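Here is a short briefing on a predicted model. Please have the sequence and the structure open as you read.

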Amino acid sequence: MRPDAVQLAFALTQMPMPDPLQRIRVVLSHPSHPGNVGATARALKTMGLTRLVLVNPRRFPDPQADARASNALDVLNAAAVCASLPQALEGTSLAVATVSHGYAMTHGMVDCREAAARAVAVARAGAEVALVFGTEKDGLSAEEVMSCNLLAHVPANPDYSSLNLAAAVQVFAYELRMAAGAPLPATDLPLPASHESIERLHAHLEEVLVALGYLDPAHPKKLRERLRRLVARAALEEEEVNVVRGFLKQVLRRATGD
């Protein structure tokens with residue numbers, strides 16, 4: 001290797017890698033207290049995260065949010081406001097629902113440390129990640145949980161596991177920062193399919209099942225939830241989604257005679 005090539009190779013090793021935290025967004029769904037929104041912005045900035053998304057906040061912008069944000073007004077003022085959770089999840093390949101308990105008929109649950117490790121690994125691979133937090137009173141609805149593909153919780157005192165919203169965000173943000181500073185894994189993590197691709201797959205799958213008479217859309221019972229759990233646990237890659245949808249296309253042709 002020529003000296004100039006050696007110098008170039010050394011320079012490349014000294015260049016900072018893209019920060020995986022910049023590909024991670026924190027989503028607050030229907031926050032009711034503006035003070036918690038401001039405190040969340042502060043919690044994010046202390047750990048190097050900058051992307052805050054609000055789904056139908058009750059009051060925003062608001063002086064209480066500004067006051068609680070302290071010196072994190074840049075994060076707060078840059079927050080995106082969305083009308084729905086699907087809109088907030090657009091472009092993501094991993095959406096983590098943060099919960100305090102398990103939900104019937106949903107995918108598996110991991111602790112906040114494991115969730116952070118997975119989130120950072122996906123972000124390092126170049127994909128977008130969302131951590132989704134529910135309302136202060138009721139948390140995430142079952143429908144919102146089913147829009148995500150991983151559940152995570154803080155392993156708190158089982159006799160009193162209730163955390164303030166901003167405090168829960170702070171715990172997850174800390175774990176994300178620690179995971180981002182950990183050594184790179186020895187093997188590459190396959191990149192999961194995007195949120196939009198998975199939603200199109202579910203729509204395609206339902207269309208086929210209705211055509212086959214296997215699913216009654218007026219009385220789906222638990223079939224939709226079971227299918228979402230199955231797909232979430234499979235962690236399909238983009239090409240795998242294309243393979244499944246190609247198969248579904250052929251099944252639909254046979255079913256309809258087209």
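Helix α6 (residues 112-124) packs against helix α8 (residues 165-180) at an angle of about 55°. Their axes lie 8 Å apart. The angle makes α6 oblique to α8.

**Helix pair α6 and α8**
- The crossing of α6 past α8 is right-handed.
- On the α6 side, the contact is made by Cys112, Arg113, Ala115, Ala116, Ala117, Ala119, Val120 and Arg124.
- On the α8 side, Val171, Phe172, Glu175, Leu176, Ala179 and Ala180 take part.
- By class, the contact of α6 with α8 has eleven nonpolar and three charged residues, but no polar ones.

**Thr98**
- Thr98 sits in strand β4 (residues 92-98).
- Thr98 counts as buried because its relative accessibility is 10%, and the cut-off is under 20%.
- A polar atom of the Thr98 side chain lies 2.7 Å from the backbone oxygen of Val132.
- Beyond neighbours within four places in sequence, Thr98 is in contact with Val132, Phe133, Leu140, Ala152 and Phe172.
- Phe172 also belongs to the α8 side of the contact with α6.

**Loop between β1 and α2**
- His30 lies in the loop between β1 (24-29) and α2 (34-46).
- Its phi is positive, about 55°, although His30 is not a glycine.
- At 36% relative accessibility, His30 is partly exposed.

**Loop between β2 and α3**
- Asn56 lies in this loop.
- Asn56, a residue other than glycine, has a positive phi near 45°.
- With 38% relative accessibility, Asn56 counts as partly exposed.
- Pro61 is found in the loop between β2 (51-55) and α3 (63-69).
- Phe60 and Pro61 are joined by a cis peptide bond, with omega about -5°.

Definitions and conventions. Residues are numbered from 1 along each chain as its sequence is written. This is a predicted model: local features need pLDDT of at least 70, side-chain atom pairs count only at pLDDT 80 or more; totals for chains, interfaces and linings use all residues. Side-chain values use heavy atoms; hydrogens and water are left out. Axes are lines fitted to C-alpha atoms, for helices over the stretch in contact, and angles run from 0 to 180 degrees between N-to-C directions. Helices (H or I, at least four residues) and strands (E, at least two) are DSSP runs, numbered from the N terminus. Angles under 35 degrees count as roughly parallel, over 145 as roughly antiparallel, 65 to 115 as roughly perpendicular and the rest as oblique. A crossing is left-handed if the near helix is turned anticlockwise from the far one by less than a right angle, and right-handed if clockwise. Contact means heavy atoms within 4.5 Å. Ala, Val, Leu, Ile, Met, Phe, Trp, Tyr, Cys and Pro count as nonpolar, Asp, Glu, Lys and Arg as charged, and the others, Gly among them, as polar. Buried means under 20% relative accessible area, exposed over 50%, partly exposed in between (1.4 Å probe, protein chains only). A polar contact is a pair of N or O atoms within 3.5 Å; within protein, one must be able to donate a hydrogen and the other to accept it, and residues adjacent in sequence count only if both atoms are side-chain atoms.
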